[in-house]
Amino acid sequence: MFIYCDITEALVQKSREVFDKKLTGVYLHGSLAMGCFNPDKSDIDVIVVTNGDISDSEKQRFMREIVDLNAYAPVKGIEVSVVKRKYCKPFVYPTPYELHFSPAHLERYKHSPEAYVREMKGTDKDLAAHFTVINNYGKVLYGEKISEVFGEVPRADYIDSIYYDIENAVFDIANDPVYVTLNLCRVLAFLRSGRCFSKLDGGRWGIDNLGFGADVISEAVECYISDREMISDTNTAYFAKLMLEIINKEMKKSGNHN
């Protein structure tokens, strides 16, 4: 049985085999890099950086390898994006990507692998948040140093990226109360402190610094670090509504709101 170290090592090996001299590096971000990985709740987050164009045949080969590896990954699987180096430094926003995979797209890939690699490219606002995590907590799995590959993500771009992830929190919290609760906390924590937090540390910041919602946040933290499940209710929905109102006020105050 693979453990997460085996998964990342295998992913590096497959990246080297497929992209060869085009490969700049493979970089770990997310909970595994930030020290709060829970195999029952977390995915394995990786950015693959290439120098130059990659062909559809290379994409197809890479996708076959990733889908095979994903079968051995933790419950939430592998999330990987392939990005050209020229968009990493200087940073471009929203960031273009060459290929993306997460388990949410698995059935689409299986339905038509050729169409998937042809169509799965564009821009992704989430990459601003991912690159910020890499700059603060990331691990080099293979390749050049982070400081040589990734440029600074402007504050306004990072805020736009993390806000994009929580703007529908009032509705999203019904389906994923743990993720949304902790994400709301770390967004507000950044707006007030300027620090990039993990979901876990964002939740702990919320418990220590907010004058409300400690019961909701504490439950989210406990469920995040265990195998417990959190049930959404009117209390969590109200928490999301109140947090969004506060976040919007903070953004207007700082001039970052659209």
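Okay, helix α3, residues 56–70: at 1.5 Å a residue its 15 residues should span 21 Å, and the end C-alpha atoms sit 20 Å apart, so the two agree. The expected span here is 1.5 Å times one less than the number of residues, and helices are DSSP runs of H or I, at least four residues, with strands being E runs of at least two, numbered from the N terminus.

Keep in mind this is a predicted model: local features need pLDDT of at least 70, side-chain atom pairs count only at 80 or more, and totals for chains, interfaces and linings use all residues. Residues are numbered from 1 along each chain as its sequence is written, and side-chain values use heavy atoms, with hydrogens and water left out.

Back to α3. Its buried residues (under 20% relative accessible area, 1.4 Å probe, protein chains only) include F62, M63, I66, V67 and L69, but also E58, K59 and E65. Among the elements covering them are α1, β2 and β3, where contact means heavy atoms within 4.5 Å.

Now, the aromatics. The whole structure has eight aromatic pairs, meaning Phe, Tyr or six-membered Trp rings with centres within 6.5 Å; planes under 30 degrees apart are stacked, over 60 edge-to-face, the rest tilted. F91 and F131 are edge-to-face, 5.8 Å centre to centre with 70° between the planes. They're 40 residues apart, F91 in the loop between β3 and β4 and F131 in helix α6, and both are buried. Y158 and F190 have ring centres 4.7 Å apart and planes at 80°, so that's edge-to-face too. Finally, ring pairs link Y27, F91, Y93, F131 and F150 into a cluster.

Conventions:
Buried means under 20% relative accessible area, exposed over 50%, partly exposed in between (1.4 Å probe, protein chains only).
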